[in-house]
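Subject: Model for you, with notes

Hello,

Here is the structure I promised to pass on. Please look it over first; my notes follow below.

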Amino acid sequence: MSHLSQSDLEIAQLLETELHRQRDGLEMIPSENFVSRSVLDALGCIGTNKYSEGYPGMRYYGGCKNVDAVENIARERAKALFGVTHANVQPYSGSPANQAVYFALLDPGDTVMGMHLYFGGHMTHGLPVNFSGTIYRSVQYQSRPDGYLDLDAMAEMAKKEKPKMIIVGATAYPRQYDWKPLKEIADSVGAFLMADISHIAGLIVAGAHPSPVGIADVITTTTHKTLRGPRGAMILCNGNESTPLKKVERSRENIPTLIDRAIIPGLQGGPHNHQTAAIAVTLKEAATPEFNVYGHQIVKNAKALAETLLELGYELVTGGTDNHLILVNLTNKGISGKEAESVLDAVGITVNKNTVPFDPRKPFDPSGIRMGTPALTTRGFTETDMKQVGRLIHQALSEGMGSEAKQQEIKMNVKELADTHPLYPDLSYLG
Ligand SMILES: Cc1ncc(COP(=O)(O)O)c(C=O)c1O
């Protein structure tokens, strides 16, 4: 019996049930993935026992020799993988990483221009109820009606509003970013360009999406999406290295020091050393040729799914995808996003409801669903499997609506397909 199942059977049983949910269903939330057993091992390690406020070689606690070495490896691997001169691997997650950039580069009340949540942006990109829209003056850009970024409207908004920082990067954008024109817009008004590559970091390191490195002033990314690591985040940039103990002038060259000082003492206390260890392992995995193949397969799978759904009469925002996700506008099918999420959940296919550009419906019951291929690709799904997934989705959204018997039948077919690509076959929380 494992230590956990002996001491806390209630939690062990819940984890086992969740393990079966992940195994038996089709995980299609584009921001989710399945980490390797090595990443899981590192995440569950004794690094969690250690306090190490500060940075390697500059800690406020004794006994940091080993965690210093781990953090240094994580930083070096991040720098090599993305091709930057500076990497901060301490942000607890994506939202705190974004908050650190605001804290480093802006004063309260400064204007920030980010993508509106309903058009694919993240809450931390200036949503009025988020810190980013409360402490700062937020102006929000929208996409074009076809779902593509509207560069002309962005340039016009920048000229009119004079933001100090422009944020590009989304939670629901199915196309690639062309970073240079975006940097030109930022430069035209002297704004910093922040690239939030949380969703696409894995595609970027695999060479399946253009990189903002060398173009954007600062880059944030979560480590748990396409990068396939633990929950966590990194801030990447180029510039002068200086001790974070010293206050420096707010300039482009000083961004590395400004970021380090924003994380600690600005926002956080002790780094999560178990998380840092798991990030280091993730970055080693992401530097392999296998990961390159993985990143390209994510995109191939998303395109195969898009093609199948288009053939079955579904309307996709922007007409398709060139990354890891697709946004389906269900209006022509007479189903709401909420209904679709619910029936797909019932058959074991996990997606999430999502607004579509200029959505006439409310965000808690929008017109669309968002789905992605990073997690299924990790399980080994290929284009042929994705076509089958597309057909199962269609079956659920047509025959499965309102028929529990049909839903049960589809759920069995979903499990059968999932079983062809086993997930964590030797893992158990009860054994
Ligand atoms: C583009 C983007 N930025 C930031 C975040 C925030 O990450 P976290 O949920 O780790 O705070 C997300 C999460 O979905 C995201 O999609």
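Seven-stranded sheet

An open sheet is built from 7 strands in the order E4-E10-E9-E8-E7-E5-E6, with mixed pairing. Its edges are strand E4 (86-88) and strand E6 (137-141); each has a single partner strand, so one side of each is left without a neighbour in the sheet. From one strand to the next, the twist averages 20°. Strands here are DSSP runs of E, at least two residues; helices are runs of H or I, at least four residues; both are numbered from the N terminus. Two strands pair if DSSP finds at least two bridges between them.

The model is predicted: local features need pLDDT of at least 70, side-chain atom pairs count only at pLDDT 80 or more, and totals for chains, interfaces and linings use all residues. Residues are numbered from 1 along each chain as its sequence is written, and side-chain values use heavy atoms, with hydrogens and water left out.

Strand E9 (residues 218-222) pairs with strand E10 (residues 233-237) in the antiparallel sense, over 4 bridges. Ile 219 has Leu 236 in E10 as its bridge partner. The loop between E9 and E10 holds Arg 228. Phi of Arg 228 is near 65°, a positive value in a residue other than glycine.

Helix H7 (residues 151-161) lies across strand E5 (111-115), E6 and strand E7 (165-168). H7 runs at about 160° to E6. Such angles run from 0 to 180 degrees between N-to-C directions; axes are lines fitted to C-alpha atoms, for helices over the stretch in contact. Contact means heavy atoms within 4.5 Å.

Four-stranded sheet

Another open sheet has 4 strands, ordered E11-E12-E15-E14, and the pairing is antiparallel. Strand E11 (315-316) and strand E14 (352-354) are the edge strands, each pairing on one side only. E14 pairs with strand E15 (residues 368-372) over 3 bridges, in the antiparallel sense. Opposite Asn 354 stands Gly 368 in E15. Helix H12 (residues 289-311) packs on this sheet. H12 touches E11, strand E12 (325-329) and E15, and its direction makes about 20° with that of E12.

Ligand site

There are 13 residues around the ligand; Ser 93, Ser 95, Thr 171, Asp 196 and Lys 225 come nearest. A residue counts as near if one of its heavy atoms lies within 4 Å. By class, this shell has 1 nonpolar, 10 polar and 2 charged residues. Nonpolar covers Ala, Val, Leu, Ile, Met, Phe, Trp, Tyr, Cys and Pro; charged covers Asp, Glu, Lys and Arg; the others, Gly among them, are polar. Helix H5 (residues 94-105) gives the most to the shell, with 3 residues.

An N or O atom in the side chain of Ser 93 is 2.4 Å from an oxygen atom of the ligand. For a backbone N or O atom of Gly 94, the distance to a ligand oxygen is 2.9 Å. For an N or O atom in the side chain of Lys 225, it is 3.2 Å. On its own, the ligand has 400 Å² of accessible area, and the protein covers 84% of that (Shrake-Rupley method, 1.4 Å probe).

One last item

The peptide bond from Ile 264 to Pro 265 is cis, with omega near 15°. Pro 265 is found in helix H10 (residues 255-267).

Best wishes

Terms used
A polar contact is a pair of N or O atoms within 3.5 Å; within protein, one must be able to donate a hydrogen and the other to accept it, and residues adjacent in sequence count only if both atoms are side-chain atoms.
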